[in-house]
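Please open the model in your viewer and keep the selection tool ready.

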Amino acid sequence: MIKKKKIAEAAIPTSSMADIAFLLLLFFLVATVIDVDTGIGITLPEPLDPETEVTPVSKERMAAILINENGDVLLDGAVIPVHMIKNNLKSRIVSKIELPSNKKLIVSLKTDRKTVYNIYVQALDQIKLSYFEVRDEYSNANFGRKYNDLDPESQEIVKDKIPIIISLAEPEKVQ
(Lines give C-alpha, C1' and ligand atoms only; values in the text may rest on other atoms or scores of the structure.)
Protein backbone atom coordinates (compact mmCIF):
# COMPACT_ATOMS: atom_id res chain seq x y z
CA MET A 1 0.00 0.00 0.00
CA ILE A 2 1.31 3.33 -0.90
CA LYS A 3 1.12 5.88 1.76
CA LYS A 4 -0.25 9.10 0.63
CA LYS A 5 2.05 11.95 1.37
CA LYS A 6 0.57 14.47 3.62
CA ILE A 7 0.60 17.91 2.06
CA ALA A 8 1.81 20.56 4.44
CA GLU A 9 -0.63 23.34 5.11
CA ALA A 10 0.36 26.88 4.37
CA ALA A 11 1.45 28.70 7.54
CA ILE A 12 2.73 32.09 8.40
CA PRO A 13 6.15 31.94 9.97
CA THR A 14 5.86 33.41 13.46
CA SER A 15 9.39 33.04 14.61
CA SER A 16 10.28 36.67 13.86
CA MET A 17 7.07 38.18 15.30
CA ALA A 18 8.69 38.74 18.70
CA ASP A 19 11.54 40.63 17.05
CA ILE A 20 9.13 42.81 15.07
CA ALA A 21 7.05 43.55 18.18
CA PHE A 22 10.18 44.47 20.09
CA LEU A 23 11.33 46.80 17.30
CA LEU A 24 7.91 48.47 17.12
CA LEU A 25 7.90 48.96 20.88
CA LEU A 26 11.38 50.46 20.72
CA PHE A 27 10.36 52.74 17.84
CA PHE A 28 7.33 54.09 19.74
CA LEU A 29 9.37 54.65 22.88
CA VAL A 30 11.95 56.67 20.97
CA ALA A 31 9.53 58.54 18.72
CA THR A 32 6.95 59.48 21.36
CA VAL A 33 7.17 62.94 22.90
CA ILE A 34 5.92 63.07 26.45
CA ASP A 35 4.26 66.36 27.36
CA VAL A 36 6.02 67.71 30.40
CA ASP A 37 4.44 70.48 32.43
CA THR A 38 6.91 73.33 32.19
CA GLY A 39 5.13 75.75 34.52
CA ILE A 40 4.66 79.44 34.04
CA GLY A 41 7.32 81.24 32.05
CA ILE A 42 8.33 84.05 34.34
CA THR A 43 11.73 85.58 34.72
CA LEU A 44 12.34 86.23 38.36
CA PRO A 45 14.46 89.19 39.43
CA GLU A 46 17.82 88.77 41.05
CA PRO A 47 17.72 88.61 44.84
CA LEU A 48 18.41 91.91 46.53
CA ASP A 49 21.55 92.49 48.46
CA PRO A 50 20.55 92.68 52.15
CA GLU A 51 22.32 96.01 52.46
CA THR A 52 20.37 97.54 49.58
CA GLU A 53 18.09 100.28 50.71
CA VAL A 54 14.47 99.49 49.86
CA THR A 55 12.33 102.47 48.91
CA PRO A 56 8.66 102.24 49.80
CA VAL A 57 6.17 102.33 46.93
CA SER A 58 3.28 104.75 47.12
CA LYS A 59 -0.26 103.37 47.02
CA GLU A 60 -0.98 105.36 43.84
CA ARG A 61 1.51 103.20 41.96
CA MET A 62 0.16 99.91 43.29
CA ALA A 63 -2.71 97.77 42.05
CA ALA A 64 -3.07 95.07 44.67
CA ILE A 65 -4.82 91.91 43.54
CA LEU A 66 -5.60 89.37 46.23
CA ILE A 67 -7.10 85.94 45.62
CA ASN A 68 -8.41 84.08 48.62
CA GLU A 69 -8.84 80.34 49.04
CA ASN A 70 -12.43 80.51 47.71
CA GLY A 71 -11.23 82.04 44.45
CA ASP A 72 -12.60 85.51 45.21
CA VAL A 73 -10.56 88.21 43.52
CA LEU A 74 -10.06 91.53 45.27
CA LEU A 75 -8.63 94.46 43.34
CA ASP A 76 -7.68 97.19 45.80
CA GLY A 77 -10.17 95.76 48.27
CA ALA A 78 -13.14 95.51 45.89
CA VAL A 79 -14.40 92.07 44.85
CA ILE A 80 -14.43 91.63 41.07
CA PRO A 81 -14.72 88.65 38.72
CA VAL A 82 -11.46 87.35 37.29
CA HIS A 83 -12.33 88.39 33.74
CA MET A 84 -12.78 92.03 34.85
CA ILE A 85 -9.17 92.42 36.00
CA LYS A 86 -8.07 93.43 32.51
CA ASN A 87 -10.63 96.21 32.11
CA ASN A 88 -9.95 97.61 35.56
CA LEU A 89 -6.21 97.72 35.05
CA LYS A 90 -6.15 99.17 31.52
CA SER A 91 -7.27 102.66 32.51
CA ARG A 92 -4.74 102.77 35.33
CA ILE A 93 -1.92 101.63 33.03
CA VAL A 94 -2.91 104.22 30.41
CA SER A 95 -2.92 106.99 33.02
CA LYS A 96 0.74 106.22 33.86
CA ILE A 97 2.14 106.05 30.31
CA GLU A 98 3.59 109.56 30.23
CA LEU A 99 5.01 109.41 33.76
CA PRO A 100 8.69 108.65 34.42
CA SER A 101 9.71 105.04 35.01
CA ASN A 102 9.74 105.38 38.78
CA LYS A 103 6.05 106.38 38.71
CA LYS A 104 4.72 103.52 36.52
CA LEU A 105 2.01 101.16 37.75
CA ILE A 106 3.03 98.06 39.70
CA VAL A 107 0.54 95.21 39.80
CA SER A 108 0.91 93.07 42.89
CA LEU A 109 -0.63 89.60 42.79
CA LYS A 110 -0.98 87.76 46.06
CA THR A 111 -2.76 84.49 46.66
CA ASP A 112 -3.74 82.24 49.49
CA ARG A 113 -1.89 78.95 49.85
CA LYS A 114 -5.14 77.12 49.08
CA THR A 115 -6.01 79.14 45.98
CA VAL A 116 -6.87 77.03 42.97
CA TYR A 117 -3.97 77.15 40.52
CA ASN A 118 -6.30 77.72 37.57
CA ILE A 119 -7.63 80.98 39.03
CA TYR A 120 -4.11 82.16 39.75
CA VAL A 121 -3.12 81.55 36.12
CA GLN A 122 -6.29 83.24 34.86
CA ALA A 123 -5.56 86.32 36.98
CA LEU A 124 -1.98 86.43 35.76
CA ASP A 125 -3.19 86.11 32.16
CA GLN A 126 -5.66 88.96 32.67
CA ILE A 127 -2.92 91.20 34.04
CA LYS A 128 -0.60 90.48 31.12
CA LEU A 129 -3.46 90.88 28.65
CA SER A 130 -4.20 94.36 29.99
CA TYR A 131 -0.58 95.39 29.44
CA PHE A 132 -0.52 93.85 25.95
CA GLU A 133 -3.72 95.64 24.92
CA VAL A 134 -2.43 98.97 26.19
CA ARG A 135 0.82 98.42 24.29
CA ASP A 136 -1.12 97.61 21.12
CA GLU A 137 -3.31 100.71 21.49
CA TYR A 138 -0.29 102.91 22.17
CA SER A 139 1.69 101.55 19.22
CA ASN A 140 -1.36 101.89 16.95
CA ALA A 141 -1.81 105.50 17.99
CA ASN A 142 1.88 106.45 17.67
CA PHE A 143 3.29 104.12 15.00
CA GLY A 144 0.18 103.03 13.08
CA ARG A 145 0.81 99.33 13.72
CA LYS A 146 0.32 96.77 16.46
CA TYR A 147 3.15 96.20 18.92
CA ASN A 148 4.22 92.85 17.43
CA ASP A 149 4.45 94.37 13.93
CA LEU A 150 6.84 97.12 15.03
CA ASP A 151 10.58 97.08 14.41
CA PRO A 152 12.74 96.32 17.49
CA GLU A 153 13.65 99.98 18.08
CA SER A 154 10.01 101.04 18.15
CA GLN A 155 9.16 98.08 20.40
CA GLU A 156 11.78 99.29 22.87
CA ILE A 157 10.19 102.75 22.90
CA VAL A 158 6.80 101.19 23.66
CA LYS A 159 8.34 98.93 26.31
CA ASP A 160 9.89 101.95 28.00
CA LYS A 161 6.57 103.76 27.98
CA ILE A 162 4.57 100.72 29.14
CA PRO A 163 6.79 98.37 31.14
CA ILE A 164 5.15 95.24 32.50
CA ILE A 165 5.74 95.38 36.23
CA ILE A 166 4.11 92.50 38.09
CA SER A 167 4.97 91.68 41.66
CA LEU A 168 4.20 88.10 42.68
CA ALA A 169 4.01 87.92 46.44
CA GLU A 170 4.55 84.78 48.48
CA PRO A 171 1.28 82.92 49.02
CA GLU A 172 -0.08 83.19 52.52
CA LYS A 173 -3.36 83.23 54.35
CA VAL A 174 -5.57 85.81 52.60
CA GLN A 175 -8.93 86.72 54.06
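Begin with two helices: H2 crosses H3 in a right-handed manner. Right-handed means that the near helix is turned clockwise from the far one by less than a right angle, and left-handed means anticlockwise. Helices here are DSSP runs of H or I with at least four residues, strands are runs of E with at least two, and both are numbered from the N terminus. This is a predicted model, in which local features need pLDDT of at least 70 and side-chain atom pairs count only at pLDDT 80 or more, while totals for chains, interfaces and linings use all residues. Residues are numbered from 1 along each chain as its sequence is written, and side-chain values use heavy atoms, with hydrogens and water left out.

Select residues 85-95 for H2 and 117-143 for H3; the two pack at about 45°, with axes 8 Å apart. Axes are lines fitted to C-alpha atoms, for helices over the stretch in contact, and angles run from 0 to 180 degrees between N-to-C directions. H2 and H3 are therefore oblique to each other. Oblique covers what remains after roughly parallel (under 35 degrees), roughly antiparallel (over 145) and roughly perpendicular (65 to 115).

Now show side chains. On the H2 side of the contact are Ile 85, Lys 86, Leu 89, Lys 90, Ile 93 and Val 94, and the H3 residues they meet include Ala 123, Ile 127, Tyr 131 and Glu 137. Contact means heavy atoms within 4.5 Å. The residues of this contact comprise nine nonpolar, two polar and four charged. Nonpolar means Ala, Val, Leu, Ile, Met, Phe, Trp, Tyr, Cys and Pro; charged means Asp, Glu, Lys and Arg; the others, Gly among them, are polar.

From H3, the contact uses Arg 135, Tyr 138, Ser 139 and Phe 143; from H4, Ser 154, Ile 157, Val 158, Lys 159 and Lys 161.

A cavity is a set of points on a 1 Å grid over the protein atoms alone where a 1.4 Å probe fits but cannot get out; a pocket is an open set with protein on both sides within 12 Å along at least five of seven lines; lining residues have an atom within 4 Å of a point.

Which residues line the largest cavity? Select Arg 92, Ile 93, Lys 96, Ile 97, Lys 104, Leu 105, Tyr 131, Lys 161, Ile 162 and Pro 163. Its lining has six nonpolar, no polar and four charged residues.

Last, find the largest pocket, lined by 15 residues; Ile 42, Thr 43, Leu 44, Pro 45 and Ile 166 lie nearest its centre. H3 and strand S5 (166-168) each supply at least two residues of this lining. The lining holds ten nonpolar, three polar and two charged residues.
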